[in-house]
Amino acid sequence: NRYALSAETPRHDRLLAIVLDAWGSPQLGFDGNKHKWSGASSKAIEMVCSWLAEEDLEDFREYCKGDESVDDRRLAYWLRYKKQITFSKLILGRTIWNAGDRRTRAFIARKRGRLSQLSSVRNALVLRIGKWWFVEFSEKGKACCPYREGCGYEFDFSLPVFSEGELRSVAAIEASGGIRLIHRGDWEAS
């Protein structure tokens with residue numbers, strides 16, 4: 001709570017690790033630990049959610065680097081909104097999820113239940129801003145899929161495994177009144 005009162009609150013990785021170990025993630029209470037955050041101020045919770053979003057965005061870019069088609073502009077775009085992102089989650093494809101190297105296994109262990117699997121080789125990142133959910137895919141040429149909460153197609157992002165079709169639901173996008181956001185348009189400039 002004290003740190004959140006500071007004028008600037010750059011990500012404090014050690015503090016983040018301590019609170020995640022003790023209380024779990026504050027994002028939506030998916031992990032059953034929401035009551036542990038009841039003593040934290042809303043400003044502290046927002047700060048931690050912002051740190052998690054920043055870390056997830058950086059990890060998404062870093063761990064999908066092996067795919068030559070990863071678009072670095074997406075990281076820069078979404079980092080502009082990190083203070084507004086209240087939920088973020090990496091959904092890793094089979095290639096990363098099943099990798100046996102020590103670095104990847106340590107990464108998956110560090111994320112402690114804040115990851116899901118995608119039943120394809122692609123990777124995805126889920127972000128929530130206000131009442132909107134955004135699903136980004138790691139490859140260039142894959143549009144960002146926006147979904148409005150309450151559109152009738154609610155997603156349970158606590159699930160351990162997703163199919164790509166679930167995350168690209170045209171019916172959910174249309175019911176939301178949204179459109180697929182292609183990464184070569186004016187929307188990235190706003």
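**Exercise 1. Determine what share of the contacts in the protein chain between residues at least 6 apart in sequence join residues at least 24 apart.**

Take a contact to mean heavy atoms within 4.5 Å. Among such contacts between residues at least 6 apart in sequence, 68% join residues at least 24 apart. The structure is a predicted model, in which local features need pLDDT of at least 70, side-chain atom pairs count only at pLDDT 80 or more, and totals for chains, interfaces and linings use all residues. Residues are numbered from 1 along each chain as its sequence is written, and side-chain values use heavy atoms, with hydrogens and water left out.

**Exercise 2. State the strand order of the open sheet and its kind of pairing.**

Begin with the strands, which are DSSP runs of E with at least two residues, whereas helices are runs of H or I with at least four, both numbered from the N terminus. Two strands pair if DSSP finds at least two bridges between them. On this basis six strands form an open sheet in the order β5-β4-β3-β1-β2-β6, with mixed pairing. Strands β5 (145-148) and β6 (161-162) stand at the edges, each with a single partner strand, so one side of each is left without a neighbour in the sheet. Next, β4 (residues 132-137) and β5 pair in the antiparallel sense over four bridges, and Val 135 has Cys 145 in β5 as its bridge partner.

**Exercise 3. Decide whether Cys 151 is buried or exposed.**

Buried means under 20% relative accessible area, exposed over 50%, and partly exposed in between (1.4 Å probe, protein chains only). Cys 151 counts as buried because its relative accessibility is 13%.
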